[in-house]
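Biologist: I am new to this structure. Please show it to me, and I will ask what stands behind the words you use.

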Amino acid sequence: KGARLDRADLTGADLTGACLDLASLIGADLSGAQLAGTTWRRARLAGATLPSGTVLAGRGVATPDQLPRLQFDPPTSSINAIAWHPESDMLAAANGAHIIIWDLATSVPLATLAGHSSWVNAVAYSPDGAQLATASSDRTVRLWDLATGTTLMTLTSHSRWVRAVAYSPDGTRLATAGDDAIRVWEPTTGNLLATLTSWTNSMNA
């Protein structure tokens, strides 16, 4: 489970009953392999060569010739912001008041982050990819632990809509921008480090 076998030569291999859930077999050669009873839940098979007539059993499996297509529910909901994970093919998309984390290799949603009470306007991954920061019209910024899908902390100093969020390159600071101010935080503690105010119009990004 979760094996990384990209571009592996598995011709003629006996994989009968193998659990290849979450496995990455991008560009792998499985021609002639024995695959009876093999499961492929959320496996990545882009560009792989499979024996003729192979049936891929598993929710969310990405077939070799399948292009990712992300389906939101409801499909008419607005997408306000997106961000690409710094180390993997995961996309965070702000969908109304929720954030959906997608695996682009399989087009499968991995998690839905719920906690904001109004539209999410901006999302940003931490440089190490372990956390996600989200800015909302509910006047809060949330920091999420992506391993558990839970909120690590909620930053509440903004008095108006929060429209933008960005980590510093080293991940030690977090900037948030709202209609009231730009604020700079220490994301590990939630301490407010600086407040910048020198405009009268709304802040967009």
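Biologist: Why is His85 called buried?

Modeller: Buried means under 20% relative accessible area, with exposed over 50% and partly exposed in between (1.4 Å probe, protein chains only). His85 has 9% relative accessibility, so His85 counts as buried. This is a predicted model, where local features need pLDDT of at least 70, side-chain atom pairs count only at pLDDT 80 or more, and totals for chains, interfaces and linings use all residues. Residues are numbered from 1 along each chain as its sequence is written, and side-chain values use heavy atoms, with hydrogens and water left out.

Biologist: Where does His85 lie?

Modeller: In the loop between strand E1 (79–84) and strand E2 (90–95). Strands are DSSP runs of E, at least two residues, numbered from the N terminus.

Biologist: What makes the pair His85 and Ser88 a polar contact?

Modeller: A polar contact is a pair of N or O atoms within 3.5 Å; within protein, one must be able to donate a hydrogen and the other to accept it, and residues adjacent in sequence count only if both atoms are side-chain atoms. The side chains of His85 and Ser88 are joined at 3.3 Å, so the pair counts as a polar contact. A polar atom of the His85 side chain also lies 3.0 Å from the backbone oxygen of Gly129.

Biologist: Which residues is His85 in contact with, leaving aside neighbours within four places in sequence?

Modeller: Met90, Tyr125 and Gly129. Contact means heavy atoms within 4.5 Å.

Methods. Helices (H or I, at least four residues) and strands (E, at least two) are DSSP runs, numbered from the N terminus.
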